[in-house]
Amino acid sequence: MFQGRSFLKEIDFSKDELLYLIDFAIHLKKLKKEHIQHKYLLDKNIALIFEKTSTRTRAAFTTAAVDLGAHPEFLGPNDIQLGKKESISDTAKVLGSMFDGIEFRGFKQSDVEILAKDSGRPVWNGLTDDWHPTQMLADFMTIKEHFGHLQDLTLAYVGDGRNNVANSLLVTGAILGVNITIISPESLQPALEIQKLTRKYAMKSRSKISIRTDLNGLENADIVYTDVWVSMGEEAQTAKRIKLLKSYQINQKIVEKIINKNFIFMHCLPSFHDLNTEVMKEIKENYNLNELEVTDEVFNSKNSVVFEQAENRMHTIKAVMAATLGNLFIPKI
């Protein structure tokens with residue numbers, strides 16, 4: 001079902017396939033907790049290409065590969081000629097001849113598509129400017145662990161509604177039957193192309209989709225999700241973005257309006273809630289703000305599952321790699 005396939009964006013897999021990967025990841029998580037080996041990728045070589053810096057994606061792919069018995073090789077922007085002295089296509093052909101699978105975290109979606117087409121190997125998107133598919137598996141795995149199901153839950157995303165995380169949440173939620181509300185200023189709402197794609201899947205799954213500017217959409221949320229206001233490469237937009245989004249901060253006053261008191265708070269990290277980081281000190285000095293997209297009070301509250309969500313990056317990435325590259329029997333979950 002999965003053998004030899006790439007995972008470049010959420011729509012590469014069907015609803016049933018995404019649900020299988022989530023359940024497989026839950027199974028692999030249990031094996032790891034019980035110290036049971038699961039080396040589906042014994043002696044495989046995995047290339048990890050990183051144009052963008054990373055904590056969770058790099059750590060998750062590395063530990064997942066090792067747990068599966070594979071050897072991961074980190075290839076940073078200063079390590080290879082990708083897109084510099086050598087075309088993406090040529091690099092893909094070289095890496096495809098030496099590695100069994102390739103992870104890519106970078107800027108252009110077209111780059112990861114070329115890698116998949118020309119390497120002849122499974123390629124996994126660790127993040128591009130358009131999509132963040134491995135993050136989505138971890139997010140919806142976390143949600144299923146907490147609620148026991150996905151269908152008909154309501155996820156409200158607040159903040160920059162046209163970044164890769166918002167795009168992915170919209171489309172993945174629509175595929176899986178989760179109701180998705182995007183709350184953001186009009187200028188930061190998802191592109192019409194993404195909205196159109198989302199509604200196509202929502203019609204099939206009966207997911208309810210809402211794009212709005214007012215925070216009243218949070219009242220019926222089971223899951224509240226936010227992300228940084230300024231994505232990598234957009235640092236020049238910081239002042240403008242803070243002005244647009246400062247009224248969209250997730251704080252205690254806002255979450256008290258949520259009807260379901262057992263809601264969970266999610267964030268793909270990193271988060272600017274910690275006053276001790278260098279970036280936050282600079283923002284506090286320049287913009288007189290103590291916190292950005294979420295307050296420390298909410299981030300560290302009993303409703304927050306952000307670190308479970310981060311851990312689940314490893315388990316879901318492991319599931320994807322094992323299913324698409326493993327030559328051993330993959331269990332029926």
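Trainee: Leaving aside its neighbours within four places in sequence, which residues is Thr 295 in contact with?

Mentor: The model is a predicted one. Thr 295 lies in the loop between α10 (278–287) and α11 (296–299). Beyond four places in sequence, the contacts of Thr 295 are with Gln 249, Ile 250, Asn 251, Gln 252 and His 273.

Trainee: Does Thr 295 count as buried or exposed?

Mentor: The relative accessibility of Thr 295 is 8%. The cut-off for a buried residue is under 20%. Because its value is 8%, Thr 295 counts as buried.

Trainee: Which residues is Val 123 in contact with, leaving aside its neighbours within four places in sequence?

Mentor: Val 123 belongs to strand β4, and its relative accessibility is 0%, so this residue counts as buried. Once the neighbours within four places in sequence are set aside, Val 123 has contacts with Ser 6, Phe 7, Leu 8, Ile 102, Val 112, Leu 115 and Ala 116.

Trainee: Which elements are included in what covers the buried residues of α4?

Mentor: Helix α4 spans residues 109–119, and its buried residues are Gln 109, Asp 111, Val 112, Leu 115, Ala 116, Asp 118 and Ser 119. Among these, Val 112, Leu 115 and Ala 116 are also in contact with Val 123, a residue of β4. The cover over the buried residues of α4 includes β1 (45–50), α3 (88–98), β3 (101–105) and β4 (123–127).

Trainee: Which residue follows α4, with a phi that is positive?

Mentor: The helix runs over residues 109–119. The phi of the residue after α4 is near 70°, and that residue is Gly 120.

Trainee: What is the phi of Leu 127, which is not a glycine?

Mentor: Leu 127 is a residue of strand β4. With a relative accessible area of 6%, against a cut-off of under 20%, Leu 127 is buried. Its phi is positive although Leu 127 is not a glycine, at about 150°.

Trainee: Is Asp 43 buried or exposed?

Mentor: Asp 43 is placed in the loop between α1 and β1. Its phi is near 70°, a positive value in a residue other than glycine. The relative accessible area of Asp 43 is 65%, and a residue over 50% is exposed. Asp 43 is therefore exposed.

Trainee: At what angle do helix α5 and helix α12 pack?

Mentor: Two packed helices are described by the angle between their axes and by the distance between those axes. For α5 (residues 133–147) and α12 (residues 306–325), the axes are 8 Å apart. The crossing of α5 and α12 is right-handed. The packing angle of α5 and α12 is about 115°.

Trainee: By class, how many residues has the contact of α5 with α12?

Mentor: From α5, the residues that meet α12 include Leu 137, Met 141 and Glu 145. From α12, the residues that meet α5 include Arg 313, Ile 317 and Val 320. By class, the contact of α5 with α12 comprises 5 nonpolar, 8 polar and 4 charged residues.

Trainee: Which element gives the largest share of the lining of the largest cavity?

Mentor: The largest cavity has a volume of about 30 Å³. Its lining consists of Phe 7, Glu 10, Leu 18, Ile 22, Pro 133, Met 136, Leu 137, Phe 140, Thr 172 and Leu 176, which divide into 8 nonpolar, 1 polar and 1 charged. At least two lining residues are supplied by each of α1 (15–33), α5 and α6 (164–176). The largest share, 4 residues, comes from α5.

Trainee: Which residues that line the largest pocket are the closest to its centre?

Mentor: The largest pocket has a volume of about 830 Å³. Of the 37 residues that line the largest pocket, the closest to its centre are Val 228, Val 230, Ser 231, Met 232 and Pro 270.

Trainee: Which element gives the largest share of the lining of the largest pocket?

Mentor: The lining of the largest pocket divides into 16 nonpolar, 11 polar and 10 charged residues. Two or more of the lining residues come from each of α2 (56–67), α6, α8 (238–245) and α10. The largest share, 5 residues, is that of α10.

Trainee: What is the omega of the peptide bond from Leu 269 to Pro 270?

Mentor: Pro 270 is placed in the loop between β9 (264–267) and α10. The peptide bond from Leu 269 to Pro 270 is cis, and its omega is near 0°.

Methods
Residues are numbered from 1 along each chain as its sequence is written. This is a predicted model: local features need pLDDT of at least 70, side-chain atom pairs count only at pLDDT 80 or more; totals for chains, interfaces and linings use all residues. Side-chain values use heavy atoms; hydrogens and water are left out. Buried means under 20% relative accessible area, exposed over 50%, partly exposed in between (1.4 Å probe, protein chains only). Contact means heavy atoms within 4.5 Å. Axes are lines fitted to C-alpha atoms, for helices over the stretch in contact, and angles run from 0 to 180 degrees between N-to-C directions. A crossing is left-handed if the near helix is turned anticlockwise from the far one by less than a right angle, and right-handed if clockwise. Ala, Val, Leu, Ile, Met, Phe, Trp, Tyr, Cys and Pro count as nonpolar, Asp, Glu, Lys and Arg as charged, and the others, Gly among them, as polar. On a 1 Å grid over the protein atoms alone, a cavity is a set of points where a 1.4 Å probe fits but cannot get out, and a pocket is an open set with protein on both sides within 12 Å along at least five of seven lines; lining residues have an atom within 4 Å of a point. Grid points are joined across faces, edges and corners, and a volume is the space filled by probe spheres set on the points.
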